[in-house]
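Please open the model in the viewer and keep the sequence panel at hand.

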Amino acid sequence: MSDSLVEEKLSERDKKHLWHPLTQHKTNSEMLAIARAKGALLFDEEGKEYVDGIASWYTCMYGHCNPYILDRVKEQMQKLDQVVFSGFTHEPAIKLSEELIKILPKNQEKLFFSDNGSTATEIGIKMALQYHHNKGQKRNVLLAFEEGFHGDTFGAMSVSGLSVYNGPFEDFFIEVERIPVPTPENIDDILNHLKKRLQHNNIAGFIYEPLVQGAAAMKMHDADGLDRILALLQQHEVLTIADEVMTGFGKTGKYFASDYLENKPDIMCLSKALTAGLVPMGLTTCTEKVYMAFYSDDVAKGLFHGHTYTANPLACTAALAALELLQTDEIQQQIKNITLWHQQFDKKIKNHPKVASTRQTGVIYALDLDVEMERYGNLRNKLFKHFMAHGIFLRPLGHTIYILAPFITTKEQMERIYEAIENALELV
Ligand SMILES: *Cc1c(COP(=O)(O)O)cnc(C)c1O
């Protein structure tokens, strides 16, 4: 290797062959190279540190390179790295199923593994469609929330309501109908609409992000309204699919957002914090009732979906270690601490003239800035640069600034985030 190549910065070498997600490379070609990470901190190739205020998309909730998780995975690596999960099984998957069932909503009985959040929802959708097919009913429509986000594969993209960039694919989508998220004002209208709609019932399933819609900029809705929607749909045998890819594993203050609801989902989708950011994995869980619709002497009634890395032993081990950490007193206490710190920060900031509104569920905190729509785009970039310059990694969405930092974030680190947000208000 020539000296000049060795010295070239990572962010320059990146440009030659790499194509990044969600990126228009012509207008946005600069990628920041992160050399290492520890706890709540990321370090770039120059050594500058950043507090990871969004836990690298809600994954690294126990901190980056968590030594407990790393040790467990290192140990597993020496024993069994990968094996086909069709016709074979292994201890990490079995143990994970046993441990996860203990904290999932009581009606969940079966776990189906895949690779990421999109595949977890894709499988949930396929389960719902085939469930009715196996029962000899023709139900070909899915119901979803406006502004929901469920991933980037075709089924997941079809049910996602944030479709600004989905234009090229829309002609190929599954048929989906949308309802707004419930508020005390619109809930009666939603229920009336659904009652009428269900008279001709070809709706197979309803997919929803319970309580907090992540990609919609942490939009939050009320548990009571959602419960009433779920109750009505369940009466009509519409399978309810809780997409807890973002909300799962303690972020809302309970293990799952569904724990706030009376009506438990028929199907649940998990990923992101499931493996604590170490390796990707997705999970779709379901009730005995759903599973039994596939259980048959007829081979064709089985769920013929599978990914090469299904239930990878290393990913299962990371998930098991993460699950243990989630249930420790330290992490549970930190969830309470962060919830409280956010409340205190909120008191201080919510009446600021540049703040239009604020909201919080557990460790998820969001504030909307009081600005005109036309300025969203530029403002977002300005805010992002401001935060990065101050060593804080936050990703404002439109006019929303939100925090979803790792559970292990210290008070001092969280205060750095709050201070950067307060300073940012001066830029608006
Ligand atoms: C991130 C996310 C997904 C997609 O997960 P990927 O792992 O990015 O494919 C699906 N649903 C929700 C609610 C998400 O937040």
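Select T339 and I335 in this predicted model: a polar atom of the T339 side chain lies 2.6 Å from the backbone oxygen of I335.

Is T339 buried or exposed? Its relative accessibility is 18%, and T339 therefore counts as buried, the cut-off being under 20%.

Now display the surroundings of T339. Leaving aside residues up to four places away in sequence, T339 touches Q360, G362 and V363.

Turn next to the ligand. Which residues surround the ligand? Select N116, G117, S118, F149, H150, G151, E209, D243, V245, M246 and K272 to show them. Coloured by class, this shell divides into five polar, three nonpolar and three charged residues.

- K272: a polar atom of the side chain lies 2.7 Å from an oxygen atom of the ligand.
- N116: an N or O atom of the side chain is 3.4 Å from an oxygen atom of the ligand.
- F149: a polar backbone atom is 3.5 Å from a nitrogen atom of the ligand.

On its own, the ligand has 380 Å² of accessible area, of which the protein covers 81%.

Key. Residues are numbered from 1 along each chain as its sequence is written. This is a predicted model: local features need pLDDT of at least 70, side-chain atom pairs count only at pLDDT 80 or more; totals for chains, interfaces and linings use all residues. Side-chain values use heavy atoms; hydrogens and water are left out. Buried means under 20% relative accessible area, exposed over 50%, partly exposed in between (1.4 Å probe, protein chains only). Contact means heavy atoms within 4.5 Å. A polar contact is a pair of N or O atoms within 3.5 Å; within protein, one must be able to donate a hydrogen and the other to accept it, and residues adjacent in sequence count only if both atoms are side-chain atoms. A residue is near a molecule or strand if one of its heavy atoms lies within 4 Å of it. Accessible areas come from the Shrake-Rupley method with a 1.4 Å probe; for residues, only the protein chains shown count as cover. Ala, Val, Leu, Ile, Met, Phe, Trp, Tyr, Cys and Pro count as nonpolar, Asp, Glu, Lys and Arg as charged, and the others, Gly among them, as polar.
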